[in-house]
Amino acid sequence: MTIRPTGAAFQHLAFIGLILLLMGLSFISYRRIIRLNSDIELVNHTNLVKEKLEKALSYIKDAETGQRGFLLTRDSSFFAPYVGAKENAVKLIEQVEILTDDNKPQQQNARNLRVLALKRFDILALSLALADSHSPATAGNLAEGKKTMDLIRNLVAQMQQVENDLLKQREQASRDSFAITPVYLLAFSVLAIMMLAFAYSKVRDETLLRYSAEDSRAKIEELETRSRLAIDAAELGTFDWDLKKQEFNSSQRVLRIFGFNGHPSTRHQDLLDRFHPDDRGVRNKAVEDSFAKGTLAYEARIIWPDASVHWVSVFGKILHSETGEPQRMYGIVMDITRQKTILAELTESETRFRLLADSMPQLIWTSDASGNMVYFNRAVFEYAGLDHKKINNDRWFNIVHPDDKEENLQKWAQAIQSGVEFIFEHRLLNRNGEYRWQLSRALPQRDEEGKIQGWVGTSTDIHEQKNSMSALEKLVRDRTRSLEEANFNLEKTIGELKVSNAELESFNYVASHDLQEPLRKIIAFTGRILDKDGASFSELTRDYFNRVMAAAVRMRRLIDAFLSYSRTTNTNAVFEPTDLNAIVREVRIELQESPDQKPFRIICGKLPVVQAIPFQMHQLFDNLIENAIKYSRPGIDPEINISAEKVSGSEVHGANPELTYWKISVADNGIGFDQQYAEKIFELFQRLHGKSTFEGTGIGLAICKKVMHNHKGFISATGTVGTGSVFNVYLPVGSPEA
Amino acid sequence: MKKAKRILLVDDDVDDQMYFRDAVSEVSPSLQCEIANNGSEALQQIAVPPPPDLIFMDLNMPVMNGYECLVTLRKMEQYKDIPIIIFTTSNNSHDIAQAKRLGAALYFTKPADFKMLCNKLDRILDLDFSRFNFVL
């Protein structure tokens, strides 16, 4: 079994290794520096020894020189170098002794040198001492001295040689140290820097990790809050079931859902006990299955202490350990009693609907919002003689008559899209192979928001009606056609009549006008004849001329009246506000100016201003007043009363009962007339009296009637023979347009 | 007191001319009465001075009818002050309005009664036309 270090452990090992390396390197560098130092020291040391040796030798030489000099000159000034030289030389040699402690042979040499040096000095001293005494020992002294000095010199040279060799050695060593040591130092530095960089990067990673960890933590917190809110809003109870330790924790809501009022000591088992006995099995099985599946889902009933039954829906998810064993289950609990109740009600309602639908003779069907058939009642199957398979969904239009099919589909598609009620007559094939006419209707079913959820339709058999209807329709069609034809002919005739009328009018006008011309002259010149020579005519001649005049005058009047009448048919006249008072005044003045006019009196009340054709109003009053004057009782001056009042249309024969009318009455005190002729007098050329009693054209009242017709009004007359007559003119209040 | 000295009748009907003349001589014998057969002749005659004091104009005439002549005269500087009386058979309100609009001083229909004509003439000759404003 190989143990693979995990990533972290490896890092640690590497780190430790590097540290050790660093420590090693630093130690080595340290050693090398020390070494370098000591190498240099050694070099110096050797140089020092050499120096001291030389110096010592030098002192000895000085002493010699001094002695020699003194001996030669007996000058005491040569003592000076001698005096201190011994001490100095010896001191120096002693120092060398000490210095060469590391080189025992050399040290011995130094010791020997000291001895020799001392001996020399002794010899020198002796020489000096003997110098005073002129002893023969001096030559021997000198020779000894020289021998000693040579020994000293040799020894020093030897020692110097040794030191030189040593120096060479040490200098080389020190050179080597100088070369190597920086390398070690560099290596050490580089490694140190590498380590530092490595450490830094690690620290940075750590920091980043920490930040992202914090960030993640914040996110997780937020998620947690949100999910908690969601759970709260949905009124979900949550639970956490440790399957290993068999510990069950749930939120307060779970307890409430199960009908506990937040008992703190409610156990898992307490909850389980509340399950409906029949549903316990469901629950248990679901839980068992969940271990394998990883998820839990079931619905079951629970019974509260008050015996009320509630439905719960439970979902759970299992967390497995690394070994695949179920470790923990997290889940939610929902109270779905309401949903279940609603569902039950819905199902019941649907069942009722189906029962109802099946009991009806009409074909009843429903579709979804896209128009696909969902349901057919029993009648459909019975009618068509088909079973479910054959008539399902898309096949329903197979029982539609081929000629109706295309339009059927099109109209149905239209209805689906627009949401407007579907109505269509078509032939459906029944079980006996006959096509029968059906009236199909469908209404959309909308939800609370007004969105269409589906369609409900019926088809009612209208075969019999359709057949009889079509006979009726044909009849109507024929009638309509003939009506249209008649209309067309009528219009044509009207057109022709209009033309003819127009021709007639202009003919009338021109004829009347041109007829007037010669007539006027007849009257005018006959008058002149009578004026000029009338007196000289015989009675008879005068009479003849008078008759001619009278006839001409009559003709004139007739033509005038005729012309007048023809003018009133002119429908191009414009309606304007007409003051009837002014009209009456005008008429009065004209009549007064007329020659041979009978005296008359008009008593006129306040008449209204009406929307009328002024000229025709003039004609109206002219005729009425003239009549009143004409048909006066002999010996009694005609008196005419004109008054006006408003009346409702209901009082007027033939009038619109909803309108209001001005009733203008022209009442006279003339001869009156027999009421039975009340209608006749308004007819054209109808007169009640011969022209010998009252002259007249028989056109006047016809003109009045025409004028009233043009104004959408009425005229009527009442007469009492011997007393007078009343002519009532009714004009609608408001503007009668032409 | 008759102010007018000369009057002009513009009418194409010879009978009416005669009738009118008779009435004039009945009413004011000293009055000079000229006749023109249509508007065009009238203009020619008026050009010969002195111009008339009063013009009686028929409407329906050949060559130049009463309206045209009326309008023409109203535009002429030297004659625009001469009162023109439309004298016609028509008693059409449209004609009356038109005449007034075009600057006629008066409008009256030819009566068939001699006496009536004389009365009318008499009254007209008495009128002070300076009161009238018959310029277009």
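At what angle do the axes of H12(A) and helix H13 (residues 539-568) of chain A cross? Good morning. The model is predicted, with local features needing pLDDT of at least 70, side-chain atom pairs counting only at pLDDT 80 or more, and totals for chains, interfaces and linings using all residues. Residues are numbered from 1 along each chain as its sequence is written, and chains are lettered from A and ligands numbered from 1 in the order in which they are written.

To the question, then. The two axes, lines fitted to C-alpha atoms over the stretch in contact, cross at roughly 155° and come within 9 Å. Angles run from 0 to 180 degrees between N-to-C directions, and those over 145 count as roughly antiparallel; H12(A) and H13(A) are therefore roughly antiparallel to each other. Helices here are DSSP runs (H or I, at least four residues), and strands likewise (E, at least two), numbered from the N terminus.

Helix H12 (residues 463-533) also matters for the next topic, the contact between the chains, as H12 gives 9 residues to the side of chain A that touches chain B. That contact takes 11 residues from chain A and 10 residues from chain B, where contact requires C-beta atoms, placed from the backbone, within 7 Å.

How values were computed:
Contact = placed C-beta atoms within 7 Å. Parallel < 35°, antiparallel > 145°, perpendicular 65-115°, else oblique.
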